Structure formats: structure tokens, C-alpha cells
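Me: I have a model open and would like to go through it piece by piece. Can you help me read it?

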Amino acid sequence: MRVLRRGLWPVALVVALVLLHAQWLPSLAWFLVRAEAPRRADAIFVLGGDQYGERILHAAALARQGFAPKVYVSGPSGIFDHYESDLSIEFARRRGYTDVTFVALENDCKSTREEAERYLPEFHRLGFQRILVVTSNFHTRRAGRIFRAVAREPEVHMIAAAAREFRPDDWWLRRQDQKNLFMEWSKTFANWIGL
């Protein structure tokens, strides 16, 4: 009887986890989101890697609201001989943000770390004290950690742009959300161990 009870304990735990999945699965996603409310800054910096324009539109809206005078847009090359920054800015202007000042930062960066290492010293040289870094919601924790490890100045504040393919409260219901969660957790773990 005692052996039977010991054997049922793991089964009961699995059943409880399955039945209560909607209560604990969101925490796996929300852990990845570590963003702040926007505040006045010297510049807004948009990280590359957004195929839907969510980052650039969020940054443009912040600039229009007066949080910073310019939006600096990182944009790696490789999209049919175009830089992502140029495509992003064109997209934002077509969406009505013709009054916002954008600065295209054409580059060959392949990672968030490369973007931080390339542009934080430049922003410091320009005399910026504070920048708002806009990225997808699921990318804010890791990107903030990377940026703060690269340089203490300028002061970095992570701003989350909502991602249509990552809704933390029910991410397990959509395939792309699942893939984004898996990829970001993989990259977060790699960052923790120094890869």
C-alpha cells in the first residue's frame, strides 16, 4: 500500500499541473518581460529584428508624445539588399509618422549584444544621459541585461512593444508564441551562462 501511495504522488502532481496550467504557464512568459514605463530621455533606440513594425510604431508614438526628440533605428542588412532600418522608417512614415525624426543606423549586427556594443559608446559620445530602448515584450529582460552589462552610461530604460506573436497570458495556445517563448528562454539561458 505504501509503494502504491508513493507511485501516485507523481501522477497527482502531473494531473494538478495539467488542470492548473492556465495559472502557472503565464509566469513562464511574464518572466521574460521586464519593461518600464516610458520617461523623458535623450533618445529612443529601436532594436532590429521586428518583421511586423511593432517596435518602430511604438517608438514613433513615444517620440510624438515628447519622450525624446529622435528615434534611432538599428537595422541590419540582408533583407533583399535593404537595411531593416530603412524599411522600418519607411513603414512608420506610411503609417502617418511623418512628423517624427528618425535616424537610420545601418549595420551588420547579428545580435543584441553587437547592437549594444556598437551603439552605446556612440550614444555616450553624443552626450546622451538616458535612452529608451524599444524592443518586443518578450525580449526586454534579456536585452536590458545585455545593455546594462555592456555600459553603465547612458542610462538604459527598456520599453516593451506589444508583439502580436507573443501574448504572455495564453502563449501556449498559438504555435508562433510557443516558438518565441522557447527561443527567448534558450537565449536567456545562454546569456546566463555566458554564451
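Me: Which residues do ring pairs link into a cluster?
Reply: Phe45, Tyr72, Tyr119, Phe123, Phe128 and Phe147 are linked by ring pairs into a cluster. Keep in mind that this is a predicted model.

Me: How many aromatic pairs does the structure hold?
Reply: There are twelve aromatic pairs in the structure. One of them is formed by Tyr72 and Phe123, and this pair is edge-to-face. Their ring centres are 5.4 Å apart, with 70 degrees between the planes.

Me: Why those two values?
Reply: A pair of aromatic rings is described by the distance of the centres and the angle of the planes.

Me: Where in the chain do Tyr72 and Phe123 come from?
Reply: Tyr72 is in strand 2 and Phe123 is in helix 5, which covers residues 112-125. The two are 51 residues apart, so the pair links distant parts of the chain.

Me: Is Tyr72 buried or exposed? And what about Phe123, buried or exposed?
Reply: Buried means under 20% relative accessible area. Tyr72 has 10% relative accessibility, so Tyr72 counts as buried. Phe123 has 2%, so Phe123 counts as buried too.

Me: Which charged residue lies over the face of Phe31?
Reply: Arg141 does, at 4.0 Å from the ring centre.

Me: Changing topic. How many helices and strands are there?
Reply: The protein has seven helices and six strands. Along the sequence the pattern reads α-α-β-α-β-β-α-β-α-β-α-β-α.

Me: What share of the protein is buried?
Reply: Of its 195 residues, 43% count as buried.

Me: And what sits in the largest nonpolar core?
Reply: That core has 22 residues. Those with the most contacts inside it are Ile44, Ile56, Val71, Val73, Val100, Phe102 and Val134. Two or more residues each come from strand 1 (43-46), helix 3 (54-64), strand 2 (71-79), helix 4 (84-94), strand 5 (130-136) and strand 6 (155-161). Helix 3 gives the most, with five residues.

Me: Why would such residues gather?
Reply: In soluble globular proteins, nonpolar side chains tend to be buried together.

Me: Take Phe102. What is it in contact with, leaving aside neighbours within four places in sequence?
Reply: Phe102 is in contact with Ile56, Ala60, Val71, Val73, Ile89, Ala92, Arg93 and Tyr97.

Me: Now Val134. Where does it lie, and is it buried or exposed?
Reply: Val134 lies in strand 5. Val134 counts as buried, because its relative accessibility is 0%. Leaving aside neighbours within four places in sequence, its contacts include Ile44, Phe45, Val46, His58, Leu62 and Ile159.

Me: How far is Val134 from His157?
Reply: Val134 and His157 are 8.6 Å apart in space, C-alpha to C-alpha, and 23 residues apart in sequence.

Me: Which residues of helix 6 are buried?
Reply: Thr140, Arg142, Ala143, Gly144, Ile146 and Phe147. What covers them includes strand 1, helix 5, strand 5, strand 6 and helix 7.

Me: What about cavities? How many of 30 Å³ or more does the structure hold?
Reply: One. The largest cavity has a volume of about 40 Å³, and its lining includes Val46, Ile56, Val73 and Ser88.

Me: Last topic, the backbone. Where is the cis peptide bond?
Reply: A cis peptide bond joins Glu153 and Pro154, with omega about 0 degrees. Pro154 is in the loop between helix 6 and strand 6.

Me: Which phi values are positive in residues other than glycine?
Reply: Among them are Phe80, with phi near 50 degrees, and Asp81, with phi near 65 degrees. Phe80 lies in the loop between strand 2 and strand 3 (82-83), and Asp81 is found in that loop as well.

Me: Why mention these?
Reply: Most residues other than glycine have a negative phi, and most peptide bonds are trans.

Conventions
Residues are numbered from 1 along each chain as its sequence is written. This is a predicted model: local features need pLDDT of at least 70, side-chain atom pairs count only at pLDDT 80 or more; totals for chains, interfaces and linings use all residues. Side-chain values use heavy atoms; hydrogens and water are left out. A nonpolar core is a set of buried Ala, Val, Leu, Ile, Met, Phe, Trp, Tyr and Cys residues joined through side-chain atoms within 4.5 Å. Buried means under 20% relative accessible area, exposed over 50%, partly exposed in between (1.4 Å probe, protein chains only). Helices (H or I, at least four residues) and strands (E, at least two) are DSSP runs, numbered from the N terminus. Contact means heavy atoms within 4.5 Å. Rings of Phe, Tyr and Trp (its six-membered ring) pair if their centres lie within 6.5 Å; planes under 30 degrees apart count as stacked, over 60 as edge-to-face and the rest as tilted. A charge sits over a ring if NZ of Lys or CZ of Arg is within 6 Å of the ring centre and within 35 degrees of the ring normal. On a 1 Å grid over the protein atoms alone, a cavity is a set of points where a 1.4 Å probe fits but cannot get out, and a pocket is an open set with protein on both sides within 12 Å along at least five of seven lines; lining residues have an atom within 4 Å of a point. Grid points are joined across faces, edges and corners, and a volume is the space filled by probe spheres set on the points.
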